[in-house]
Amino acid sequence: QAFRPWTARGSGRAPRLSSALQGPLAMSLRGALSLSRAMRMKVDIPKFTTSRLARRYNMMEEDRIKWYNWNLACIVLTGVPLLWMGTVNYHTSEDTKVLARSLNPTGSAKITYDLRMYG
């Protein structure tokens, strides 16, 4: 008689393995099941940034933008008085040029001021 591992033939039930093949075949089926479970599991590959412009927008980015804006505003506000001082007429009267020209016609003498008058 030929060797037949299946004992329940044509009965509509799942075939049963003979006791000689249950150990090795069950172990190989368990390995196949674990491999199929591992193949079903999909792990997404993380996206690494490729350039500095491709960063995620987060709270640190928002704080950096605020910091840059504050720095820009401070620079502009500091520059406004300096620009005004460059364009304003700093002579106190129309006679200032006449007095400076009469006191120092060649422009070689240094005009000093009495510091007690200013505080």
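**Figure 1. Lys 66 and Glu 62 sit 4 residues apart in helix H2, so about one helical turn separates them.** Helices are DSSP runs of H or I, at least four residues; strands are runs of E, at least two; both are numbered from the N terminus. The model is predicted: local features need pLDDT of at least 70 and side-chain atom pairs 80 or more, while totals for chains, interfaces and linings use all residues. Residues are numbered from 1 along each chain as its sequence is written, and side-chain values use heavy atoms, without hydrogens or water. Lys 66 and Glu 62 form a salt bridge, with their closest N and O atoms 3.9 Å apart. A salt bridge puts a side-chain nitrogen of Lys or Arg within 4 Å of a carboxyl oxygen of Asp or Glu. Lys 66 is partly exposed, at 46% relative accessible area. Glu 62 is also partly exposed, at 31%. (Buried is under 20%, exposed over 50%, partly exposed in between, with a 1.4 Å probe and protein chains only.)

Figure 2. Arg 64 is partly exposed, at 24%.

**Figure 3. Arg 116 pairs with Asp 114 in a salt bridge.** The closest N and O atoms of Arg 116 and Asp 114 are 3.3 Å apart. Arg 116 counts as exposed, because its relative accessibility is 71%. Asp 114 has 35%, so Asp 114 counts as partly exposed. In total, the protein has 3 salt bridges.

**Figure 4. Seven residues, named here, line the largest pocket: Thr 96, Leu 99, Ala 100, Leu 103, Ile 111, Tyr 113 and Tyr 118.** How much space lies in the largest pocket? About 170 Å³. Its lining has 6 nonpolar residues, 1 polar residue and no charged ones. (A pocket is an open set of points on a 1 Å grid where a 1.4 Å probe fits, with protein on both sides within 12 Å along at least five of seven lines; lining residues have an atom within 4 Å of a point.)

**Figure 5. Ile 111, Tyr 113, Leu 115, Met 117 and Tyr 118 make a nonpolar surface patch.** The patch comes to about 660 Å². (Its members have over 30% relative accessible area and no salt bridge, and nonpolar side chains are joined within 5 Å; like charges would be joined within 9 Å.) Leu 115 belongs to the segment after helix H3, which spans 95–103. Leu 115 counts as exposed, because its relative accessibility is 69%.

**Figure 6. The protein has 3 helices and 0 strands.** From the N terminus, the elements run α-α-α. The protein has 119 residues, and 5% of them are buried. Its accessible surface is about 12200 Å². Carbon and sulfur atoms hold 63% of that surface. (Areas come from the Shrake-Rupley method with a 1.4 Å probe.)

Note on methods
Grid points are joined across faces, edges and corners, and a volume is the space filled by probe spheres set on the points. Ala, Val, Leu, Ile, Met, Phe, Trp, Tyr, Cys and Pro count as nonpolar, Asp, Glu, Lys and Arg as charged, and the others, Gly among them, as polar.
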